[in-house]
Amino acid sequence: KSLVAQALHFQAMAQGKRSFYTCPIKALVNEKFFALCEAFGPDNVGMMTGDASINKEAPIVCCTAEVLANLALRDPSAKIDCVVMDEFHYYGDKERGIAWQIPLLILPKTTFLLMSATLGDTSRIEQGIEEVTGRKVAVIRGAERPVPLEFEYVETPLHETIEKLVEKDRHPIYLVNFSQKAAAEQAQNLMSVNFSSKEEKARIAEALAGVRFDTPYGKELQRFLRHGIGLHHAGLLPRYRLLVEKLAQAGLLKVISGTDTLGVGVNIPIRTVLFTQLCKFDGERVGILTTRDFLQVAGRAGRKGFDERGYVVVQAPEHVIENLKLAAKQAENPKKKVVKKAPPTKGYAHWDRQTFERLLSRAPEPLESRFDVTHSLLLTVLQADTTGDTGYRRLLTMIQRAHVHDQAKKRFKRLAATRFRQLRKAG
């Protein structure tokens with residue numbers, strides 16, 4: 001994917017055009033910015049994330065999807081000739097999917113390159129792009145991985161699973177959690193297990209010489225790192241995240257406990273992806289992972305050029321593992337009474353081996369449109385520097401082009417009128 005994207009940036013530069021590279025998270029925007037600087041030279045690459053702006057008039061700009069959507073909405077004459085949308089499956093994200101759709105609706109002269117390892121059926125999106133741009137869409141698919149994956153479902157306690165993986169030389173291991181709190185708690189739990197030898201710890205100490213850990217959480221992170229355990233999530237300071245990535249790339253960390261943002265291509269070398277659970281909170285309720293989410297994270301296992309194969313391991317629920325141990329004890333002593341451990345009452349949806357097998361056998365779900373007429377969208381369109389279409393008429397054009405069925409378009413038009421009247425009435 002990176003090579004194809006680089007080719008589009010190169011072609012655009014050679015033709016005097018301006019290209020954008022969009023990613024879903026700031027950590028990845030930073031990473032791609034440095035990679036593009038290395039490929040094209042720092043004078044030719046800019047970055048915009050909402051937090052920071054560097055060389056924003058450059059011929060190649062790296063930014064989040066929201067930044068590109070706002071730029072296209074506020075300034076219809078903005079020079080946006082080519083757009084690479086990496087991790088395009090975020091189009092289906094409940095909270096942020098609209099930002100990935102807006103540029104496709106309002107940039108008729110732009111060439112788009114939409115990339116993801118788990119796209120599923122995209123026929124509605126293809127049709128929408130062809131209607132807006134008047135150009136044919138080319139679809140390139142391939143399911144063959146350069147590094148094949150080996151999947152396993154285990155019913156052993158987490159620290160035992162990790163110890164076995166380390167013994168079999170299947171590290172670095174990325175321990176997947178679905179919240180920053182859980183990632184930090186798992187890192188703390190692993191402090192009681194020794195994964196690194198004295199020599200390895202001495203090498204880590206040497207690599208950390210001169211590194212400042214002068215923030216409240218820095219001391220805690222330093223403790224994990226010196227033990228050979230990494231922590232990685234969006235809540236860490238960028239310099240700490242970068243440090244964890246560098247230590248992992250140097251082969252100094254056997255286990256990295258992090259969140260599922262790993263599925264967004266963060267640059268940590270991984271041989272084994274270890275899922276602590278197969279359920280997560282999606283903003284509304286706790287449910288089983290979608291096939292797309294599972295495959296996206298699992299696909300990070302195995303490093304091209306380093307590994308002959310990658311490993312994906314899924315833990316059974318904690319109470320199930322505990323009850324299996326109790327059953328084994330009871331089998332040894334049938335007279336002994338045991339009290340089975342109950343499943344958690346909060347933050348849990350049950351999964352088992354069948355759930356795991358279903359996720360392996362299914363294709364990724366079709367990407368669902370998240371278009372909506374929010375007050376924020378309405379205000380942005382009305383404030384835009386437009387020539388030709390008025391702001392409100394431009395909104396109606398967007399609704400007409402949205403990747404939704406005709407009934408939904410009628411509903412959005414009614415909603416737009418209602419919200420416009422509300423704002424005008426409120427002054």
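Mentor: Helices (H or I, at least four residues) and strands (E, at least two) are DSSP runs, numbered from the N terminus. This is a predicted model, in which local features need pLDDT of at least 70 and side-chain atom pairs count only at pLDDT 80 or more, while totals for chains, interfaces and linings use all residues. Residues are numbered from 1 along each chain as its sequence is written, and side-chain values use heavy atoms, with hydrogens and water left out.

Trainee: Where does Gly-50 lie under that scheme?

Mentor: Gly-50 is in the loop that runs between strand 2 (45-48) and strand 3. In sequence, 24 residues separate Gly-50 from Lys-26, and in space the two C-alpha atoms are 9.1 Å apart.

Trainee: Is Gly-50 buried or exposed?

Mentor: Buried means under 20% relative accessible area, exposed over 50%, and partly exposed in between (1.4 Å probe, protein chains only). Gly-50 counts as exposed because its relative accessibility is 68%. For a contrast, take Leu-208 in helix 8 (residues 198-208). Its relative accessibility is 2%, so Leu-208 counts as buried. Leu-208 and Leu-243 are 35 residues apart in sequence, with 8.9 Å between their C-alpha atoms.

Trainee: How many residues of strand 14 are buried?

Mentor: Strand 14 (residues 310-315) is mostly covered, with 6 of its 6 residues buried. Gly-310, Val-312 and Val-314 point one way, while Tyr-311, Val-313 and Gln-315 point the other way; all are buried.

Trainee: Which strand pairs with strand 14 over 6 bridges?

Mentor: Strand 7 (residues 149-154) does, in the parallel sense. Phe-151 has Val-312 as its bridge partner there. Strand 11 (residues 272-275) also runs parallel to strand 14, joined to it by 4 bridges. In that pairing, Leu-274 stands opposite Val-313.

Trainee: Next, salt bridges. How many does the structure hold?

Mentor: A salt bridge is a side-chain nitrogen of Lys or Arg within 4 Å of a carboxyl oxygen of Asp or Glu. The structure holds 21 of them. In one of these, Lys-79 and Asp-81 have their closest N and O atoms 3.1 Å apart. In another, Glu-130 and Lys-136 have theirs 3.6 Å apart. Glu-130 counts as partly exposed, at 27% relative accessibility, and Lys-136 counts as exposed, at 75%.

Trainee: Which residue meets Arg-170 in a salt bridge?

Mentor: Glu-150 does, at 3.9 Å, N to O. This pair links distant parts of the chain: Arg-170 is in the loop between helix 6 (158-167) and strand 8 (173-177), and Glu-150 is in strand 7, 20 residues apart. Arg-170 counts as buried at 15% relative accessibility, whereas Glu-150 is partly exposed with a relative accessible area of 34%. There is also one network, in which salt bridges that share partners join Asp-169, Arg-271, Arg-303 and Asp-307.

Trainee: What backbone feature does Asp-169 have?

Mentor: Asp-169 has a positive phi of about 60 degrees although it is not a glycine. Like Pro-172, Asp-169 is in the loop between helix 6 and strand 8. Asp-169 counts as partly exposed, at 45% relative accessibility. Pro-172 is joined to His-171 by a cis peptide bond, with omega about 5 degrees.

Trainee: Where is Glu-87 placed?

Mentor: Glu-87 is in the loop between strand 5 and helix 4 (97-106). Its phi is near 55 degrees, a positive value in a residue other than glycine. At 3% relative accessibility, Glu-87 counts as buried.

Terms used:
Two strands pair if DSSP finds at least two bridges between them.
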